Amino acid sequence: MLSYFLVSPYLVHLLLFISFPVIFSVVLTFHKWNIISEMQFVGVDNYIRIFHDRLFWKALLNTVTFLLIHIPLQILIALLLAYFLDQKIFLKGFFRATFFMPVVISGVVVTMVWQQLYGLDSGLINKLLVGIGLGKVPWLTDKNVAMISIAIMATWKNVGLYVILFLVGLQSVPRRYYEAADVEGANQWQKFRFITLPAINPTIFMVTILSTIGGFNLFIEPYIMTGGGPLNSTLSAMLYIYKHAFEYYHMGYSATLGIFFAFIIMMVVVVQKYTIEKDD
Amino acid sequence: MKPTKILLYILLIGASFTFLYPFYWMILASLTPESLLGDLNILPLEITFKNYQIMFSKIPILRSLLNSTIVATCSTLGVVVFGSMVGYALAKSNFRGRNLLFFIIVFTMTLPFQITLIPNYILMVKFRWVDTFAALIMPALNSAFAIIMFRQVFKGIPDDLIDAARVDGCGELRIIFQVLWPNIIPTIITVAIITFMSSWNDVLWPLIVIRDEKLMTMPQLVTLFAVGGRADAQLGVKLASAVLLALPIIITYSIFQKHFIRSMASSGLKG
């Protein structure tokens, strides 16, 4: 009896904020509703509407584009920085702490600052590029560049966390493997390819899954930086759902979008996990 | 020093610069007159607090700091207390449905929040919790992640300790909070840091359920200040609000950075 008392706070939470919403969400997908007036049954119209909603597919494609740039970039840079930190160096703690700093700071702050760094004329990055004789890049004003810019910024913000995870992975490799490889006359690349990489493979997979889930939630960065523009090129799926729900009050349709999008996220993660387990 | 070592240090220092400079620039820019911002690079040009004066006169930023502190503190307390209770029950007592409950908790962690976001908003409307702290705090009082962390650490505590406390006449709540808590302080710190940080930095949910400026959380208020027209497109004024938003975290992080890194890495490793 006492045990049920102990778990009761979670049971209330589960019923109220998880079970009920999941069921109600499914009910909503068959209705048209703006919260104020009566709910109106529309059958599967909301589902059909998704397939004709070109802007949603564009938003989905934008989100996938973001992931395809962000994840490889993040793994590469995190691995490189972790590899540097794994050497015998002074001030290791200082470097680690600075790499990690953007992770703890609000995405709002990071986005506001990078919006200025990306400025066309007064932005520091373009000033630097002009300074070394290169041309200006329209970071946030060109529809083919803006999402790349957001992906670079997101990488800068999150990479510190993955540096730490990779560092844990690297430090788990027994030093004697490297010593044995030295005896055999292996070079740096061979040591990395045949000793380090297999050892940190699980970390790479974990980083991929964590940043896939995080990346699908992309919202505040385009919300502040570009509002989804230019020409909807940075409109993320989450931003699109948000607009439908809380700017136009399409409760039924946005619930349908939410479920559909969640289904896609789960599919992608399941496929990733399956591929990983097959590889092992 | 070998040439490769020198190259290594150059790369590391370059990377540190890349991670620190934007924050340095932000602080400096917030202290620079608007007309000089275009020329600001590394060295300060002219220091002024005018941007802060304007910002304080436009938005209730200190009020929002208080709001964020209240919301994040209440959520964290809830998650640590309830998480301990549920985690303890799952680890140390036998009851019908225990394994099912644990399975459900693990399952909810894989559930994308996109499914529950809209119905949860409707729930807040029906409860008349929109524009109250209840909307921010109540759904955040329990966390599956925290329960799993506490269950794990309680499982490692020998039953003898609990039995001895029972012999001394301790009730279960006293056992959890007076006997066991002192033994699991690192886990409490980890859960507290992660919960506090995610509550403090969350923007999406506050944007949805809070419309009254006096009740807004700090990141929410700063976001709306950044995208809205109230700063009259004055960059320095917007950045002043960003500095105030970042400052509490920067200070806390500078003091407790080892705890932050360890906690957040361990949440990543478990996730």
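Domain bounds here come from an automatic or database domain assignment. For chain B that assignment gives domain 1 (1-48) and domain 2 (59-270).

This is a predicted model: local features need pLDDT of at least 70, side-chain atom pairs count only at pLDDT 80 or more, and totals for chains, interfaces and linings use all residues. Residues are numbered from 1 along each chain as its sequence is written, while chains are lettered from A and ligands numbered from 1 in the order in which they are written.

**Stop 1: the domains of chain B.** Colour the two separately. Their C-alpha centres lie 34 Å apart. Eight residues of domain 1 are in contact with eight residues of domain 2 (contact: C-beta atoms, placed from the backbone, within 7 Å).

**Stop 2: chain A against chain B.** Select both sides of the contact: 63 residues from chain A and 63 residues from chain B. On the chain A side, α1(A) gives the largest share, 16 residues. Helices are DSSP runs (H or I, at least four residues), numbered from the N terminus. The chain A side divides into 51 nonpolar, 11 polar and one charged. Nonpolar means Ala, Val, Leu, Ile, Met, Phe, Trp, Tyr, Cys and Pro; charged means Asp, Glu, Lys and Arg; the others, Gly among them, are polar.

Stop 3: Go to P230(A), in the loop between α10 and α11 of chain A. The peptide bond from G229(A) to P230(A) is cis, with omega near -10°.

Next, select R128(B). Its phi is near 60°, a positive value in a residue other than glycine. R128(B) is exposed, with 10 other C-beta atoms within 10 Å (buried: 20 or more other C-beta atoms within 10 Å; exposed: 12 or fewer; partly exposed: in between; C-beta atoms placed from the backbone).

Notes: Two residues are in contact if their C-beta atoms, placed from the backbone, lie within 7 Å. Helices (H or I, at least four residues) and strands (E, at least two) are DSSP runs, numbered from the N terminus.
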